[in-house]
Amino acid sequence: MRNTRQGSVAPIRGESLTLQQVMETMQALQEEVVASRANQERIQDDLAASQATNKKLRRLNEELRRDLQNHAGEHEEEDQESATPPKEFPMPFLQEIMDVVMPTTFVGPKVTFTGTEDPEAHLTTFHTQMMQVGGSDAVRCKLFMNILVGTAMDWFISLLDGHVTSFPKLTKLFRVQY
């Protein structure tokens, strides 16, 4: 006789089922049907609750959208009155360096310099990482600028416009400063 999850179902050739076995099999199947129906009811209840929540969220979203549209006009007037132009910083790089486009796939060094670290160790780390990824003199200048933070960035933006003409000059200025 073959077995199912709950018990025997049908005889294998040559076997015969007793009435007791048939009754047990039917009872097991009925229990599976009851459990399946209960599971389906739970799923239906969850679905109904989810649909109700979605309906409520859509309504709230629509209310927020309307409120945002109603208040957008008010804020545009305020923004125009209080808008101050962003502060423009000098650009110490020579224009030729600024004109070089950074490749979008280029991954720069993963270091930062705040002005409190050892500058020689920082330059060594920067040079080592740049050797791995390559890049022109102008790319190195731009990437070096990107890793400066805090007082180091303040120093960098205090340099005169066009003062940095190459990466060796930038590293020399960096060493003098730090």
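I started with the term: a salt bridge here is a side-chain nitrogen of Lys or Arg within 4 Å of a carboxyl oxygen of Asp or Glu. This is a predicted model, where local features need pLDDT of at least 70 and side-chain atom pairs count only at pLDDT 80 or more, while totals for chains, interfaces and linings use all residues. Residues are numbered from 1 along each chain as its sequence is written, and side-chain values use heavy atoms, with hydrogens and water left out.

**Entry 1: overall layout**

I looked up the secondary structure and got six helices and zero strands. Helices (H or I, at least four residues) and strands (E, at least two) are DSSP runs, numbered from the N terminus. Of the 178 residues in the chain, 20% count as buried. For that I use under 20% relative accessible area as buried, over 50% as exposed, and partly exposed in between (1.4 Å probe, protein chains only). I also checked the contacts, meaning heavy atoms within 4.5 Å. Among contacts with a separation of 6 or more, 62% come from residues 24 or more positions apart.

**Entry 2: salt bridges**

How many salt bridges does the structure hold? I find three.

I took glutamate 63 with arginine 59 to begin; their closest N and O atoms are 3.2 Å apart. The two sit four residues apart in helix H1 (residues 19–82), so about one helical turn separates them. Glutamate 63 is partly exposed at 33% relative accessible area, and arginine 59 is partly exposed at 44%.

Next I checked arginine 65 and glutamate 62, which form a salt bridge with closest N and O atoms 3.1 Å apart. They are three residues apart in H1, so again about one helical turn lies between them. Arginine 65 comes out partly exposed at 40%, as does glutamate 62 at 33%.

Then I went to arginine 175 and glutamate 120, where the closest N and O atoms are 2.8 Å apart. This pair links distant parts of the chain: arginine 175 is in helix H6 (residues 167–177) and glutamate 120 in helix H3 (residues 119–133), 55 residues apart. Arginine 175 is partly exposed at 41%; glutamate 120 is partly exposed at 37%.

**Entry 3: H3 against H6**

That pair sent me to the two helices. At what angle do H3 and H6 pack? I read about 160 degrees, with the axes 10 Å apart. Axes are lines fitted to C-alpha atoms, for helices over the stretch in contact, and angles run from 0 to 180 degrees between N-to-C directions. The angle makes H3 roughly antiparallel to H6, a label for angles over 145 degrees. I noted the residues in contact: Pro119, Glu120, His122, Leu123, Phe126 and His127 from H3, and Phe167, Thr171, Phe174 and Arg175 from H6.

**Entry 4: phenylalanine 93**

Is phenylalanine 93 buried or exposed? I have it as buried, at 3% relative accessibility. Phenylalanine 93 lies in the loop between H1 and helix H2 (95–99). Leaving out residues up to four places away in sequence, it touches Met98, Cys141, Lys142, Met145, Phe156, Gly162, Val164 and Leu170. I also looked up its distance to cysteine 141: 48 residues apart in sequence, 8.1 Å apart in space, C-alpha to C-alpha.

Methods: Parallel < 35°, antiparallel > 145°, perpendicular 65-115°, else oblique.
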